[in-house]
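Keep the structure open while you read.

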Amino acid sequence: MSIDTENQTVVGVAHPLDPLSRAEISRAVSILKDGPAAAESFRFISVELREPAKELLRNGSETTREADAVLIDRATSRSFEAIVDLDAGAVDTWTQLADGVHPPFMLDEFAECEEACRKDPKVIEALAKRGLTDLDLVCFEPWSVGWFGEEAGGPRLMRALVFVRENPTDNPYAHPIENFIVFYDLSSGVVVKVEDAEAIPVPRASSNYLPEYVGPARTDLKPISITQPEGPSFKVTGNHVQWADWSFRVGFTPREGLVLHQLRFRDKGVDRPVINRASLSEMVVPYGDTAPVQAKKNAFDSGEYNIGNMANSLKLGCDCLGEIKYFDGITADSHGNPLTIENAICMHEEDDSIMWKHLDFRENTAETRRSRKLVISFIATVANYEYGFYWHLYLDGTIEFLVKATGILSTAAQHPGEKSPYGQTLNNDGLYGPIHQHMFNVRLDFEVDGPKNAVYEVDMEIPEDNPTHTAFKAVDRLLKTEQAAIRKADVSKHRFWKIVNHDSRNVVDEPVAYRLIPTDGITLAAGDESYVSQRAQFARNNLWVTAYHRKERFAAGEFPNQSTGKHDGLHVWTLADRDIVDEDLVVWYTFGMHHVVRLEDWPVMPRQNIGFMIEPHGFFDQNPTLNLPSNITAATDT
Ligand code: ABN
Ligand code: CU
């Protein structure tokens with residue numbers, strides 16, 4: 001059900017997986033305000049759909065509309081999780097989070113921190129000592145504080161990195177104020193500490209990307225128009241999408257942004273399940289530089305900041321090109337008011353070169369079929385960086401996930417003339433870009449032809465008995481338990497992982513399967529002893545497989561903000577070493593970009609693609625695209 005905004009009446013929801021509407025968010029908030037969150041001091045970190053239990057959806061049983069809410073009482077600094085039954089109008093559960101468990105930041109806390117820093121006498125005095133008196137030009141960038149061995153139970157903090165602009169449109173990242181950090185306590189609303197170590201001259205050379213600085217744009221590029229005179233080939237009903245043989249539901253959460261639900265492929269008239277739910281589960285960006293400010297930079301952009309809330313409103317012709325269908329992202333502001341991020345998700349088709357071709361040289365006849373992909377994406381701005389998250393669905397059953405990283409480097413300053421071994425010197429004025437990694441984890445609740453799946457590791461092996469010296473073969477090894485399934489990519493073995501359904505057989509009586517190709521399968525470079533590695537253990541390995549549990553949603557745990565890594569996350573759950581053979585299982589893949597900064601990444605980074613493919617592997621009995629028309633371009637040209 002859903003609630004009509006004006007009269008709060010039930011108007012009906014198309015599907016139990018539809019994100020909460022604005023009216024439902026308002027209703028959840030007013031139920032909470034009428035109950036345990038009555039005090040003015042409560043703030044809403046997030047209000048989102050509590051997805052119905054999978055079994056209920058699978059059986060087609062009645063489901064209840066429920067909201068999951070995370071709140072903070074700023075008067076007492078206590079945080080809470082609530083489950084609200086929207087049908088009954090009741091708070092089902094109200095749970096206080098343990099001391100030291102801190103929920104993610106709310107959007108308005110960024111501005112609040114910046115404003116408090118700008119007004120604080122300690123900050124003003126310390127900056128004045130560095131010759132910086134025009135505070136309007138100083139940018140305080142509120143990063144998470146992470147965890148560096150402090151006692152549990154400390155306050156909820158932000159840690160502002162400081163940059164200065166030459167003028168209001170100048171790129172602040174060209175002018176880092178090094179060895180200077182401001183700690184802001186979000187509960188008391190005060191600046192608690194200024195760490196002011198060795199002053200390094202602020203790099204003064206400006207570097208900008210805005211047209212007013214760059215000068216006239218080149219004029220030699222002719223327009224490319226994407227037209228689909230007959231419209232796009234997808235059919236959208238509410239949040240349900242049907243495109244070629246694919247069907248799925250679009251979801252959106254404050255934490256993950258875009259979610260794909262119930263991804264199915266129609267084969268011989270049957271919608272065969274492939275993945276029940278797919279989303280970004282976590283990410284972390286640890287820096288390798290040992291300089292005091294830099295060594296503590298390790299943002300968990302998803303779990304600490306709620307990356308869905310940072311989704312851009314996308315613009316036709318810039319962010320997306322072609323016949324676009326947009327979906328809004330609906331979330332809540334810190335006071336519990338519904339907040340619509342218009343056009344947060346973009347969906348369109350793209351031509352994709354050839355799908356297959358063969359020229360019969362004997363007959364001199366060629367058959368070519370064009371490939372196309374359906375692109376479903378969102379772009380989030382996390383302070384300096386932009387991340388575009390793109391799901392690509394192909395006509396042959398292939399799924400691709402790409403992160404497109406762009407935006408501005410998080411920079412550092414060294415003495416002019418020095419060259420830090422931990423970064424790329426960017427100019428002769430002391431600016432450098434420290435080395436770092438962008439690590440991502442995607443949660444894939446596979447359902448290959450049904451919920452009971454198993455995972456094999458497939459390696460290339462050279463048999464001992466190899467008289468011709470030419471032998472190599474692919475060898476499958478079943479990963480039987482969660483511990484056995486903690487794996488790293490291995491290019492030297494051409495390793496991939498196969499998700500199979502033993503009860504569903506293909507034409508050659510093998511279990512149907514999809515395979516995950518572990519491209520960009522890097523792992524954390526920081527040592528295991530480092531605090532960041534303890535907190536981001538998901539990034540020590542590329543593959544994790546868990547037995548499905550409704551509460552296990554995010555690779556670094558439910559609340560990674562200031563976490564120690566000791567209590568939650570993949571590395572904790574998998575200690576149970578549950579059986580994962582022919583079970584309802586979840587595959588978690590860690591991949592990333594090892595960012596050795598280059599001059600060309602400055603002042604704004606050309607897009608870098610980072611990602612992986614999930615391909616059918618004996619899921620079909622043969623190439624499923626033989627029925628593609630040969631004349632599709634001609635057909636639309638006429
Ligand atoms: N890129 C790290 C980050 C994210 C949000 C806010 C500040 C910094
Ligand atoms: Cu980077």
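1. The protein chain has an accessible surface of about 27,400 Å², and 51% of that belongs to carbon and sulfur atoms. Accessible areas here come from the Shrake-Rupley method with a 1.4 Å probe, and for residues only the protein chains shown count as cover. Bear in mind that this is a predicted model, where local features need pLDDT of at least 70, side-chain atom pairs count only at pLDDT 80 or more, and totals for chains, interfaces and linings use all residues. Residues are numbered from 1 along each chain as its sequence is written, chains are lettered from A and ligands numbered from 1 in the order in which they are written, and side-chain values use heavy atoms, with hydrogens and water left out.

2. How does the overall size look? A compact globule of 638 residues would have a radius of gyration near 26 Å, and the protein chain agrees with its 26 Å. (That radius is taken over C-alpha atoms, and the globule rule is 2.2 Å times the number of residues to the power 0.38.) Along the principal axes, the C-alpha atoms fill a box of roughly 80 × 65 × 60 Å.

3. Take contacts, meaning heavy atoms within 4.5 Å, between residues at least 6 apart in sequence: 64% of them join residues at least 24 apart.

4. The protein chain holds eight helices and 30 strands. These are DSSP runs numbered from the N terminus, helices being H or I with at least four residues and strands E with at least two. Two strands pair if DSSP finds at least two bridges between them.

5. Now find the open sheet of four strands, in the order E5-E6-E7-E8 with antiparallel pairing. E5 (138-144) and E8 (190-196) are its edges: each has a single partner strand, so one side of each lacks a neighbour in the sheet. Neighbouring strands are turned by 30 degrees against each other on average, direction ignored. Axes are lines fitted to C-alpha atoms, for helices over the stretch in contact, and angles run from 0 to 180 degrees between N-to-C directions.

6. E5 is joined to E6 (residues 157-164) by seven bridges, and Cys-139 has Phe-163 in E6 as its bridge partner. Helix H3 (residues 107-119) lies across E5, E6, E7 (176-185) and E8, at about 130 degrees to E5. Helix H4 (residues 121-129) also packs on this sheet, touching E5, E7 and E8.

7. How many disulfides (cysteine sulfur atoms within 2.5 Å) are there? The count is zero. For Cys-139, the nearest cysteine sulfur is that of Cys-117, 12 Å away. Cys-139 is buried at 13% relative accessible area, and Cys-346 is buried at 0%.

8. Is strand E26 (residues 496-505) largely enclosed or open? Eight of its 10 residues are buried, so the rest of the structure largely encloses E26. E24 (residues 452-461) pairs with E26 in the antiparallel sense over five bridges, with Val-455 partnered by Ile-499. E26 also pairs with E27 (residues 511-517), over six bridges.

9. Finally, two hairpins to look at. E26 and E27 have five residues between them, and Asp-509 in the turn has a positive phi of about 60 degrees. The hairpin of E15 and E16 has five residues between its strands, with Gly-336 at a positive phi near 85 degrees.

Conventions: A disulfide is a pair of cysteine sulfur atoms within 2.5 Å. Buried means under 20% relative accessible area, exposed over 50%, partly exposed in between (1.4 Å probe, protein chains only).
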